[in-house]
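This report describes one protein model for a reader who is new to structural analysis. Please keep the sequence and the structure in view while reading.

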Amino acid sequence: MIVTWLYVPGDRPERFAKAAASGADAVIVDLEDAVAHARKEEALANVLAFLRERPAGPQVHVRINDLTTERGRADLRALDGLPGLDGLRVPKVESPGVLDGIRTPVHALLESAAAIVGAAAIAAHPAVAGVALGEQDLAAELSITAPEALDQLRLQVVLAAAAAGLPPVAMSVYPDIRDEDGLVASCARGRSMGLFGRSAIHPAQVPAIRRAFRPSPEEVARAAEVVEAAERAEAAGVGALALADGRFVDAPVVARARRTLELAERLAP
C-alpha cells in the first residue's frame with residue numbers, strides 16, 4: 001500500500017533522481033499544473049526519457065493533462081501501456097467514459113462537483129486503480145471555506161472507493177512545506193475519516209507523512225492483543241474470540257489488527 005506520493009515537475013528532469021531517492025513510495029511526474037504551457041512538450045519528452053532509463057526504486061506515475069484537451073490526448077497516446085510506467089493520474093475526471101480503452105492503471109482525480117456526483121461510477125470503471133480528490137479546485141468551484149464542508153466530500157469519495165474495492169483514498173497535498181506540525185495534524189484528521197497516505201510537493205514532507213500514518217504505540221499494543229487472542233483461539237479450535245478484558249471481536253477486527261501490525265513494521269523509523 002502506498003503511503004507517500006511525491007510530485008515532481010515534468011520540466012525539471014534534474015529533480016527526477018532526487019525524487020526517486022526521497023523515500024517516497026511513488027513518484028508522480030507532473031505534466032499538468034506544475035508545467036507552463038510552453039514547456040509541456042519538453043516535459044513529456046523528459047518523462048519518456050526517464051521511463052526508458054528508469055532505475056530500480058519507487059513506483060513511477062505520471063499526471064497527464066486533461067483528456068478533454070488535445071494536449072491530454074497526446075500525453076495519453078505517448079504514455080499509455082508504456083513499460084516502466086506504473087500508473088496514470090488523470091485530472092478532472094467527471095464521468096467514467098473518458099477512461100474507456102486506457103490500458104495503464106488509472107488514478108482518477110475528482111476535482112469538480114460533477115466528479116463528486118459521479119464518484120461511484122468513476123471508481124467502478126475497470127481501468128481505475130484508485131481515486132483521489134483535487135481539493136483546491138473543488139473548494140474553489142464550490143466556494144468552500146469551512147473544513148467541515150470538505151470533510152463531507154472526502155467521506156463521499158472514501159465510500160465510493162471502498163464500494164468499488166479500491167485502496168483507501170490518499171489525501172491531497174498540504175501546500176505549506178514549512179508547516180510540519182500543520183501537516184501532521186491534517187494527516188491525523190484525514191486518517192480519522194478513512195483517508196490513508198498523502199501526496200507531497202517537496203521531499204521534506206515525506207518523513208512527516210510517514211510518521212503521521214504510522215500506528216501509535218497504543219494502536220500497536222491493541223492490535224497485538226487482538227492477533228495474539230486470535231492465534232490462541234485458532235490453536236484451541238475455538239470459534240468465539242474473546243480478549244482478556246471480556247470483549248469479543250470478529251474476523252474483520254482481527255484482519256484490521258494484522259494490517260496495523262504490518263503497517264507499523266513497514267513504517268518503523
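The sections below treat the basis of the model, its annotated domain, its pockets and cavity, and several individual residues.

## Basis of the report

The model is predicted, so local features need a pLDDT of at least 70 and side-chain atom pairs count only at pLDDT 80 or more, while totals for chains, interfaces and linings use all residues. Residues are numbered from 1 along each chain as its sequence is written, and side-chain values use heavy atoms, with hydrogens and water left out.

## The annotated domain

An unreviewed UniProt entry places the feature "domain: HpcH/HpaI aldolase/citrate lyase" at residues 5-96 and 104-203. UniProt positions are given in the numbering used here, feature names are shortened, and annotations may be inferred rather than shown by experiment.

Residues 5-96 are 30% helix and 21% strand, and the end C-alpha atoms of this span are 24 Å apart. Residues 104-203 are 48% helix and 14% strand, with end C-alpha atoms 26 Å apart. Helices (H or I, at least four residues) and strands (E, at least two) are DSSP runs, numbered from the N terminus.

A pocket is found on a 1 Å grid over the protein atoms alone, as an open set of points with protein on both sides within 12 Å along at least five of seven lines; a cavity is a set of points where a 1.4 Å probe fits but cannot get out, and lining residues have an atom within 4 Å of a point. Grid points are joined across faces, edges and corners, and a volume is the space filled by probe spheres set on the points. The largest pocket holds about 900 Å³ of space. Its lining has 28 residues, and Arg191, Arg256, Arg259, Thr260 and Leu263 lie nearest its centre. By class, the lining comprises 17 nonpolar, 3 polar and 8 charged residues. Here Ala, Val, Leu, Ile, Met, Phe, Trp, Tyr, Cys and Pro count as nonpolar, Asp, Glu, Lys and Arg as charged, and the others, Gly among them, as polar.

Which helices each supply at least two residues of this lining? They are H7 (147-163), H10 and H11, and H11 gives the most, with 8 residues. The 16 residues of H11 should span 22 Å at 1.5 Å a residue, and its end C-alpha atoms are 23 Å apart, which agrees; the expected span is 1.5 Å times one less than the number of residues. The buried residues of H11 are Val254, Ala257, Thr260, Leu263 and Ala264. Buried means under 20% relative accessible area, exposed over 50%, and partly exposed in between (1.4 Å probe, protein chains only).

## The second largest pocket

The second largest pocket has a volume of about 450 Å³. It is lined by 22 residues, and those closest to its centre are Tyr7, Asp33, Arg63, Gln136 and Val173. Strand S1 (4-9), strand S6 (128-133) and helix H6 (135-142) each give two or more residues to this lining, which divides into 11 nonpolar, 4 polar and 7 charged residues.

## The cavity

How many cavities of 30 Å³ or more does a search of the whole structure find? The search finds 1, and about 40 Å³ of space lies in the largest cavity. Its lining consists of Ala20, Val27, Phe50, Arg54, Pro55, Ala56, Gly57, Pro58 and Val60, of which 7 are nonpolar, 1 polar and 1 charged.

## Individual residues

Phe248 lies in the loop between helix H10 (217-236) and helix H11 (251-266), and it counts as exposed because its relative accessibility is 61%. Gln205, in helix H9 (residues 205-213), counts as buried because its relative accessibility is 3%. A polar atom of the Gln205 side chain lies 2.9 Å from the backbone nitrogen of Ile201. Leu79, in helix H3 (residues 70-79), is buried, with a relative accessible area of 0%.

Most residues other than glycine have a negative phi. Lys92, however, has a positive phi near 55°; this residue is in the loop between strand S4 (87-90) and strand S5 (106-110) and is partly exposed at 33% relative accessibility. Ser143 also has a positive phi, near 55°. Ser143 is in the loop between H6 and H7 and is exposed, with a relative accessible area of 62%.

Methods:
Polar contact = N/O pair within 3.5 Å; in protein donor to acceptor, adjacent residues only side chain to side chain.
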